[in-house]
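User: I would like to learn how to read a chain fold from a model, feature by feature. Could you take me through the one shown here?

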Amino acid sequence: MALHRAAAGCLASRVVAALVMFAACQRHTPAGASTDAAASGAGRFVAPADVGVVAEARRVAALTADITETIVALGGRDRLVGVPSTEAARPEFAGLAGVGSQVVPDMAALAAARPDLVLVGDGPVGAGLVERRAAGLAVESVSFEGGARYAESVATLARRLGRPAAGSALLARIDGELAAVRRRVTPPPPSSA
């Protein structure tokens, strides 16, 4: 039990560090990325509001590492039924299905996991997900690009997990850590000697 708590604490520290980096930086999509995605048969999702009402997701599949880590940071590890295949081998995700990635989802593993909500990031997604979404599977796009969208996405994930207070607490923690980083890296004002 103590080992489990220590591992959870270590994971939480890594999650907050990663989230601080995501909040501080904006990701850049290479030129031509959407053209490459279209050529490969991948589609693109629209804004999260298009998903409809998912009051509280009990079974969540996350198809990107940053979404997975954010769910864990929000205390939603118990809601995860599927994680990106690249994350599935990590000890903290033992017992969870590896469901591929958003560009190459493992549709059989996803169906077996029976999620009531599938979360993807900004950008292209595999055609199988587009088809399943059209058939009624709740698939939501979450963006961590830019400060305002980042905060909105964390709040949205917290609501989807039925933990709105956890979203506020996580954002406050990230803001505090960003402020501490800014204080450390901001040069002192020139002295007037």
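Analyst: Helices (H or I, at least four residues) and strands (E, at least two) are DSSP runs, numbered from the N terminus. In the protein chain of this predicted model, the order of elements from the N terminus is α-α-β-β-α-β-β-α-β-β-α-β-α-α, which comes to seven helices and seven strands. Residue numbers start from 1 along each chain as its sequence is written. Because the model is predicted, local features need pLDDT of at least 70 and side-chain atom pairs count only at pLDDT 80 or more, while totals for chains, interfaces and linings use all residues; side-chain values use heavy atoms, with hydrogens and water left out.

User: What is the mean pLDDT of the protein chain, and which elements have the lowest and the highest mean?

Analyst: pLDDT is the predictor's confidence in each residue, from 0 to 100. For the protein chain the mean is 76, and 71% of the residues reach 70 or more. Among the elements, helix α2 (residues 33-39) has the lowest mean pLDDT, 37, whereas β3 has the highest, 96. Over residues 1-12 the pLDDT is below 50, and beyond near neighbours in sequence this stretch has five contacts in the model, a contact meaning heavy atoms within 4.5 Å. Residues 15-43 also stay under 50 in pLDDT, and the model has 36 contacts for them beyond four places in sequence. Where pLDDT is low, the predicted coordinates should not be read in detail.

User: Which strands pair with β2, and in what sense?

Analyst: Two strands pair if DSSP finds at least two bridges between them. Strand β2 (residues 60-62) pairs with strand β3 (residues 80-83) in the parallel sense over two bridges, and Ala61 stands opposite Gly82 in β3. Between these two strands the chain passes through helix α3 (residues 65-73), and this β-α-β crossover is right-handed, which means that, with the strands pointing away from the viewer, the path from the first strand over the helix to the second runs clockwise. β2 is also joined to β5 by three bridges, again in parallel, with Leu117 in β5 as the bridge partner of Val60.

User: Where do the pairings of β3 and β5 lead?

Analyst: β3 is joined by two bridges to strand β4 (residues 97-98), and the two run parallel; here Gly82 stands opposite Ala97. β5 pairs with strand β7 (residues 139-142) in the parallel sense over four bridges, where Glu140 in β7 is the bridge partner of Leu119.

User: How many residues of β5 and of α3 are buried?

Analyst: Buried means under 20% relative accessible area, exposed over 50%, and partly exposed in between (1.4 Å probe, protein chains only). Five of the five residues of β5 are buried, so this strand is largely enclosed by the rest of the structure; Leu117, Leu119 and Gly121 lie on one side, and Val118 and Val120 on the other. Helix α3 is likewise largely enclosed, because seven of its nine residues are buried, among them Ile67, Ile71 and Val72. After α3 comes Gly75, whose phi is positive, near 80 degrees. Over the protein chain, buried residues make up 39% of the 193 residues.
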